[in-house]
Amino acid sequence: MVIRTSSLNRKLLRDLWHMKGQAGAIVLVIASGVGTFVMALATLDSLDATQRMFYENNRFAEVFASCKRAPNYVARQIVNIPGVSKAQTRIVLDVTLDIPEMPEPAVGRLISVPEHGQPGLNRLHMRRGRWIKPGGDGEAMVSEHFAEIHGLVPGDQVTAIINGRLQKLHIVGIVLSPEYVLQMRGGELLPDPKRFGVFWMSRRQLEAAYDMEGAFNDVTVTLMHGASEPEVIRRLDQVTEPYGGVGAFGRADQLSHNFLSEEIRALRNIGLTAPVVFLGVAVFLLNLVLARLIRTQREQIAALKAFGYSRREIGVHYLKLICLIVGIGVIVGVLLGVWMGAGLTRLYTQFYRFPSFRFELPLNVVVSAIGLTGVAAVVGTLIEVRRAVLLPPAEAMRPEPPASFKPTVFERLGLQRFLSPVARMILRKLEREPIKAALSCLGLSMTVAILVLGNFMSDAMDEIMVTQFEVAQRHDAMVTFVEPSGVQAFYDARHLPGVTDAEPFRAVAARLRNGPRHKRVGIQGLRRDTQLNRLIDTDGQVVSPPPEGLLLSNILAQRLNAKPGDMLTIEVLEGERPTRQLPITALIDDFAGANAYMDIDALHRMMREGPTVSGAYLAADPQQTDAFYHQLKRTPGIASVALTDVMVESFDENIAENQTRMQMFIVGFAAVIAFGVVYNTARISLNERSRELATMRVIGFTRAEVSIVLLGELAVLTVIAIPIGMVLGYGFAAAATMGFETELYRIPLVVHRTTFAFAAMVTVAAALLSGLVVRRRVDHLDLVAVLKTRE
Amino acid sequence: MVDAPPTALSSRAVFTARQITKVYHMGEVEVPALRGVDVELYAGEFVVLLGASGSGKSTLLNILGGLDVPTSGVVHYEGEELTAYDDASLTRYRRRHVGFVFQFYNLIPSLTARENVALVTEIADQPLDPVEALKIVGLGERVDHFPSQLSGGEQQRVAIARAIAKRPEVLLCDEPTGALDVKTGIIVLEAIERVNRELGTTTAVITHNAVIADMADRVIRLSGGRVSQVTQNEHKRSATELQW
């Protein structure tokens, strides 16, 4: 028994060695699938656990609300809202910062904390330094990411314009907060830890600086177990409304959390979809190779049965072979996954700030990878194994009958005169095994589709950049005033050094209602002839704010279930809080935020106010940028500045690097699939047809001519696969845009022709290369031997 | 040893092989297949190479057909030194001048009879029409059948048609009836005989079946890698008269 199994095992190892090229290609495909799976799910696990722990330990709030100025006793009303567990009131302000080595101004968010220690919610994690001292003048603790980028350490100072006065912030501590795992500000596309820093200061100081004694303008709460978040939000809105409340929101809409959740969701999607594609291809290839192996080993199988091996032993023998290939694939895949996961985690630690974040490989991920791959492979090859098991010994001793062929559809259509015998050989072969051909074709289509999907992101980003920053936002800076101001503030901004053009805007918080659906947004009033912040409608045309009515961003219209022509109820949440009915005149195709736009004069009329401005869009002379920036940093009354160039630059920095890395992996994975499919198909074709090909060589065909027969089939499949793959890829991209769409941003479905071309080229190159590897074997066809023996 | 040219036919030697040896290296063992063979094939003659298995007859045929190269010795074809050819020249040589018929037919299963022949006529200079070639072997009625729809004898005759369609100077047949029963074997031999007679193609047939030697102009016997005997048939018999 021992000897018997061990010689059968030896056969197994030798068979495997004999087909090492094919097995290697399959191992690569499996490893790619397992690697992506392990990378995504293990990183996801680590990220998820780290996030949960940070949130729990630091008591991250669940509902967030801000208002203009509410007296402290309102806090009691908030705590009394049914379902609220804890509430923490505070003062939150955005100010302009002057960072010495950075020409452009940055935005600082000042958040009040108790002087004597941690707040009840959103506790800080101290990295370095100490908590602020009671009475310590201008002491602040700063977010780690911002501090790191600017080399700030405890003892350093940062200049801020606080309520119109230059003030030094003395940094005493470097901290992390569950609210700012990512340092992101509303209205921006991406986190920008370089130009957005968060500072925690004593409440007493902020009260004094901003005239907030005995009051707060921000509150965060946690919920009791089982409390209804929407209900708490509704009640909280009622409480804060008289104090200029601009709408509470849950964690899901909290910027840092939302961004992080999106990343987790994306990882989960990758982790679940990628293995399906790769394992699908791998199972197909295993099937192909095993079928071939069993066909060539018919006589061996018969002999084994004749010696007395049982069906079970034969079945186990071939299953072992599958398991061996799969096993190697899984091992390589897990190693690949750990490597990629560790890399991804390193990348994440640059962006996401947690007290500690390490890559760990959970055992259950490895077990799932093994289980998933093993089951897929065994189930996928069971039919072939069964064939070996059921082969009657006597029949197996006889060679397989010659393959029967029939004329193809082309020929039945009477087109045969256009086809040479070689072309007919290729077409008939394809038609004879349509399922195999279709699956090979599908595999190659996947290559194209993966490439399209992988590169579509950079097309979409290009589109965003062009539409957003070249066509639409043509201003160089957007300044927001501390408070809605008279026209003088606008003229002051207009006269900053280097400013060549300026347009005012008015922003008011409002609740838009369409039947039962409602949403709190900021309505922006723009000049009808606005050139600096143009609006682009869904047809790509520039539209002006209408004299009467609203322009809505597409995402917002979807949320409200409204379309152009519908009447919306507008409840303004500022000033005299008027309510109006206005029609939607058109939808705007913007990428970030849920926005509504009006004519600025119509907005003034609605607000029953004079020419009030909330801020201005500025165009500046690039020659005078430094002077412009310098003055911006020092202008009181300007609460914050968003600079277009800087935004584009940070966008490029963040996205470009990740895109290149992503692309490398995607091209690699796609090439693996193309190689796996083409190499295996060609190798098997070569084995099956070596007799045919040798005959052709004997009767005078050259190597090149014979190779056409061998590779022509694959060329046809590749040519068919490319358009199919492009359509598939476009579908994947469409699914991805839908998957990525959130209230914060939207990714346009744009696939450039170059992306399609690139996908086709990489696929053709991979196919060609693997075809050539096999073609080299044509040179070694043994003409004499192959003619003598019957297969 | 120089053979006397056959009387009735031309005295022009198409092939001249001198001191051909062939040693196969099977792992660490050297297996000599030919040990110094001198042989001529004359234009238009029908030669049977007779020998037991392992006598070296296939090796000799493969060398003449440009499928294999000798370890030493020289082969001339129409005055050209075949043994000096590289692979590309050998391919060209096979393409232009040689027709092969194999024991196991080696038809392309995905091509019909006509297309199997056309496969060759497309790369030949002055080929026969494929249907015409099939008519010569008596298969004018089955041109659109696939190999799987033909009997063994029919498949072999398609193979002969394929071999002669390019009007080769030489037709080399390696055990053409080896896989066939007597009746079909004779039909196949008739086809070969007819090609030799009507197209004047120099024909060499390998066999271990001594009966077939009766239909040759000349019989070259090989044993142990050497030519043991060359005989001239005074009375050629036609294939239909053969029995085994």
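In what order do the four strands of the open sheet in chain B run? In this predicted model, the order is E2-E1-E4-E5, and the pairing is antiparallel. At the edges sit strand E2 (29–42) and strand E5 (80–81) of chain B, each of which pairs on one side only. Strand E1 (residues 13–26) of chain B is joined to E2(B) by eleven bridges, and these two strands run antiparallel.

Let's turn to chain A and its domains.

| Domain of chain A | Residues |
|---|---|
| domain 1 | 1–60 + 258–402 |
| domain 2 | 61–257 |
| domain 3 | 420–472 + 645–791 |
| domain 4 | 499–620 |

The C-alpha centres of domain 1 and domain 3 of chain A lie 22 Å apart. Their contact takes 18 residues from domain 1 and 19 residues from domain 3. On the domain 1 side, helix H2 (20–57) and helix H7 (255–296) of chain A each supply at least two residues, and H7(A) gives the most, with ten residues. That side of domain 1 divides into eleven nonpolar, five polar and two charged residues.

Finally, here is how the two chains meet. The contact takes 22 residues from chain A and 23 residues from chain B. On the side of chain A that touches chain B, the elements giving two or more residues are helix H13 (421–432), helix H19 (644–698) and helix H22 (783–788) of chain A. H13(A) gives the most to this side, with five residues. By residue type, the side of chain A that touches chain B divides into eleven nonpolar, five polar and six charged.

Terms used
Residues are numbered from 1 along each chain as its sequence is written. Chains are lettered from A and ligands numbered from 1 in the order in which they are written. This is a predicted model: local features need pLDDT of at least 70, side-chain atom pairs count only at pLDDT 80 or more; totals for chains, interfaces and linings use all residues. Two residues are in contact if their C-beta atoms, placed from the backbone, lie within 7 Å. Ala, Val, Leu, Ile, Met, Phe, Trp, Tyr, Cys and Pro count as nonpolar, Asp, Glu, Lys and Arg as charged, and the others, Gly among them, as polar. Two strands pair if DSSP finds at least two bridges between them. Domain bounds come from an automatic or database domain assignment.
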